[in-house]
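Subject: Structure handover

Hello,

Here is the structure I said I would pass on. My notes on what was found in it follow below.

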Protein chains: 2
Amino acid sequence: MATGTLEIVFPERNVKCSIFFGEYLRKSLPISRLHEASSIAIISDDNVSKLYGRRLRDDLSHTHKTHLVTIRHGERSKTLDTASRIAKRLSELGLDRNSVILAVGGGVIGDMAGFVASIFKRGIRYFQLPTTLLAQVDSSIGGKCAVDTSWGKNQLGTFYQPEGIFIDLSVLDSLPSREVVNGVAEIVKSGIIAERTMFEDIERSSDLFEVNRLKGFVPRTVAIKAGVVQADEKEANVRKILNYGHTVGHAIESSSNYRLSHGKCVILGMLCEGWIARKLGIFDESDYLRQSNVLERIRSSHKIVTPVDPKIILSFAALDKKNVSGSIRMSLPEKLGVMSPGDNGSYAIPISKDIFLDSLLCLNKQKV
Amino acid sequence: MATGTLEIVFPERNVKCSIFFGEYLRKSLPISRLHEASSIAIISDDNVSKLYGRRLRDDLSHTHKTHLVTIRHGERSKTLDTASRIAKRLSELGLDRNSVILAVGGGVIGDMAGFVASIFKRGIRYFQLPTTLLAQVDSSIGGKCAVDTSWGKNQLGTFYQPEGIFIDLSVLDSLPSREVVNGVAEIVKSGIIAERTMFEDIERSSDLFEVNRLKGFVPRTVAIKAGVVQADEKEANVRKILNYGHTVGHAIESSSNYRLSHGKCVILGMLCEGWIARKLGIFDESDYLRQSNVLERIRSSHKIVTPVDPKIILSFAALDKKNVSGSIRMSLPEKLGVMSPGDNGSYAIPISKDIFLDSLLCLNKQKV
């Protein structure tokens with residue numbers, strides 16, 4: 001079991017986010033981290049609440065006034081309306097500016113709880129206890145909070161750092177494989193964008209989805225993300241590399257009306273964006289083929305199907321937050337472990353609509 | 001006519017808000033300040049739009065892709081639902097992360113536009129062009145943005161600094177007196193909390209509401225607010241002095257269902273909070289009487305009536321964002337121009353419910 005602490009520090013703002021590894025769910029939270037809170041609101045969903053939320057509430061109630069606020073599970077809850085209902089409940093429960101929020105759940109809960117924390121009485125402290133692989137390696141880290149809207153995913157939100165993130169790898173022992181693939185996509189992405197040796201370890205893994213193997217990759221992936229976020233919190237430049245596979249991936253996800261899981265969409269997205277990078281002469285050919293092999297292995301083992309109409313996917317990509325003056329931008333790899341800074345160091349390379357559409361066709365071929 | 005520039009600087013975050021004084025409405029905006037914008041969205045209300053919004057849009061259209069987004073005037077528009085509808089419209093208009101928002105209007109527009117800017121694609125740049133006295137001396141400055149909710153005023157929001165604030169004193173030539181009293185309350189407050197000489201100039205004014213006299217007080221009030229905000233952006237301590245009169249004032253405003261204007265409520269709020277400060281032995285007696293004289297003069301000249309049931313007012317005060325663990329906190333004056341830091345330097349003094357209720361009774365007396 002990994003233990004220890006990682007820190008993301010923004011010294012110029014006197015802001016620090018500590019990432020703790022330990023057994024928080026079966027044992028207990030290091031409550032000294034929360035001890036100045038006037039009260040605690042655990043925000044969770046109906047599924048996770050039964051597994052962990054109630055027990056944590058009972059545990060924390062020994063030392064703090066603790067409330068459990070539960071929303072319906074799933075991406076469809078990630079709306080401004082849910083945020084408003086949670087905030088109303090927190091107000092009824094008497095939370096004040098010295099209260100803290102503890103998000104217990106996956107990415108939807110982390111985003112919702114973080115967003116509510118960022119706007120409740122103009123901002124209160126919050127902590128994350130991610131209970132999915134995806135939330136542990138990606139969404140709980142970095143302070144991005146958002147809600148989905150009728151016109152796209154994550155269109156309204158804030159950058160708001162949690163004060164602490166509690167990572168308990170034991171949650172991985174009971175995750176369904178649909179959840180696991182979401183996290184695996186981000187683990188593979190992290191290798192491609194920032195750590196060649198990790199990509200090679202993934203490439204060599206006969207079964208990437210085996211739980212103990214995954215547990216080994218979590219702290220490495222967390223460390224990569226923490227480093228990138230610390231270098232560029234507000235995504236002015238290098239943080240954009242974390243979006244690799246996500247420009248196409250998010251557009252596929254939106255156009256499937258969220259029926260296709262995030263991880264599967266990112267796997268498809270990396271196949272397309274890697275193809276574009278190769279086509280533009282940015283991605284080294286042999287590295288491109290190695291990436292495709294790993295991604296196609298995951299794709300076939302998980303029967304990831306080709307999605308809907310390319311033109312609809314393109315229309316969703318036109319809403320991507322990295323776009324400038326209507327042109328689609330992507331972060332693209334040069335080599336495994338190294339992303340292209342682009343002409344101006346922005347890590348956002350303009351992509352024509354034609355090549356975007358062509359890349360989607362590559363998904364229809366059996367082999368790239 | 002005042003000209004020149006004031007700056008609020010947060011060097012640790014590399015954030016700067018410039019406050020420009022000039023003739024922006026009859027002449028034109030210093031567009032060099034906006035020149036890197038990929039497009040501009042002017043956010044205004046139906047009234048202000050006719051007076052200034054359309055002309056500004058036409059003017060800015062010579063150099064930028066410029067849109068005008070109009071909402072219904074009045075505090076009732078300041079909701080999460082309106083924010084969501086504005087954001088949807090901005091998305092339809094193709095605004096991206098390099099676009100800027102220009103708020104043209106009073107406090108409601110400034111708050112709405114700032115809040116939308118803070119959450120649209122996780123934050124874009126914005127500017128303020130305040131068109132009421134209240135917005136010029138108070139709400140446009142300091143980066144506080146919020147919406148009202150069913151459970152209280154300004155309950156959801158962010159701290160998000162505008163990049164620039166354009167103050168054009170010519171708007172004061174055509175403001176109705178109901179609007180003027182809102183700003184006058186903040187001017188008087190600024191003297192009480194931070195500048196004794198300004199309070200004395202107010203005290204000596206035979207007609208405080210005369211337009212040219214008011215124009216002289218605007219830059220002084222702006223400078224006071226700018227200095228306080230720069231010292232404590234997130235209201236950890238000294239910024240709380242700006243809330244003088246507002247703990248009671250906001251509660252009266254909410255309990256009147258916003259029928260009583262903000263300025264009138266703050267005048268009543270300062271009468272009550274001054275009374276509490278005197279009762280607790282914090283406020284010097286002769287200074288307290290001088291404050292009461294000035295406030296009662298305004299109260300009688302504007303026929304500010306005694307509001308609704310004290311217990312209902314108290315129930316709204318229980319939601320105040322400065323409260324800690326259910327106890328009401330206030331910033332209170334020691335002398336004219338000097339606020340009490342309280343025991344712990346928090347500028348938030350705990351107030352019992354009994355003394356809060358007693359202070360409201362003082363409003364029923366003809367003379368304090």
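By what turn, and with what shift along the axis, can chain A be laid on chain B? The turn is 180 degrees and the shift along the axis is 0.0 Å, with an RMSD of 0.0 Å. That is how a two-fold axis relates two copies. Within chain A, the residue that comes closest to the rotation axis is Glu12(A), whose C-alpha lies at 2.5 Å.

Please bear in mind that this is a predicted model. The predictor gives the complex an ipTM of 0.88 and a pTM of 0.91. For chain A the pLDDT averages 92, and 98% of its residues score at least 70. Where pLDDT is low, the predicted coordinates should not be read in detail.

Now the interface. Contact between the chains involves 37 residues of chain A and 37 residues of chain B. Of the interface residues of chain A, 100% are interface residues in chain B too, so the copies meet through the same surface.

Between chain A and chain B an area of about 3200 Å² is buried, and carbon and sulfur atoms give 56% of that area. Three residues, Arg97(A), Arg122(A) and Lys321(A), supply 24% of what chain A buries against chain B, which is more than any other three residues.

On the polar side, ten residue pairs are in polar contact between chain A and chain B, counting pairs with both residues at pLDDT 80 or more. Two salt bridges are found across the interface. In a salt bridge between Arg97(B) and Glu235(A), the closest N and O atoms are 3.5 Å apart.

Which elements give two or more residues to the side of chain A that touches chain B? They are helix H2 (80-92), helix H3 (107-119), strand E7 (144-149) and strand E8 (152-159) of chain A. E8(A) provides the largest share, six residues. By residue type, that side of chain A divides into twelve nonpolar, 14 polar and eleven charged residues.

Regards

Note on methods
Residues are numbered from 1 along each chain as its sequence is written. Chains are lettered from A and ligands numbered from 1 in the order in which they are written. This is a predicted model: local features need pLDDT of at least 70, side-chain atom pairs count only at pLDDT 80 or more; totals for chains, interfaces and linings use all residues. Side-chain values use heavy atoms; hydrogens and water are left out. Copies are superposed by least squares on the C-alpha atoms of residues with pLDDT of at least 70 in both. Contact means heavy atoms within 4.5 Å. Buried area is the accessible area (1.4 Å probe) that two parts lose on being put together, summed over both. A salt bridge is a side-chain nitrogen of Lys or Arg within 4 Å of a carboxyl oxygen of Asp or Glu. A polar contact is a pair of N or O atoms within 3.5 Å; within protein, one must be able to donate a hydrogen and the other to accept it, and residues adjacent in sequence count only if both atoms are side-chain atoms. Helices (H or I, at least four residues) and strands (E, at least two) are DSSP runs, numbered from the N terminus. Ala, Val, Leu, Ile, Met, Phe, Trp, Tyr, Cys and Pro count as nonpolar, Asp, Glu, Lys and Arg as charged, and the others, Gly among them, as polar. pLDDT is the predictor's confidence in each residue, from 0 to 100.
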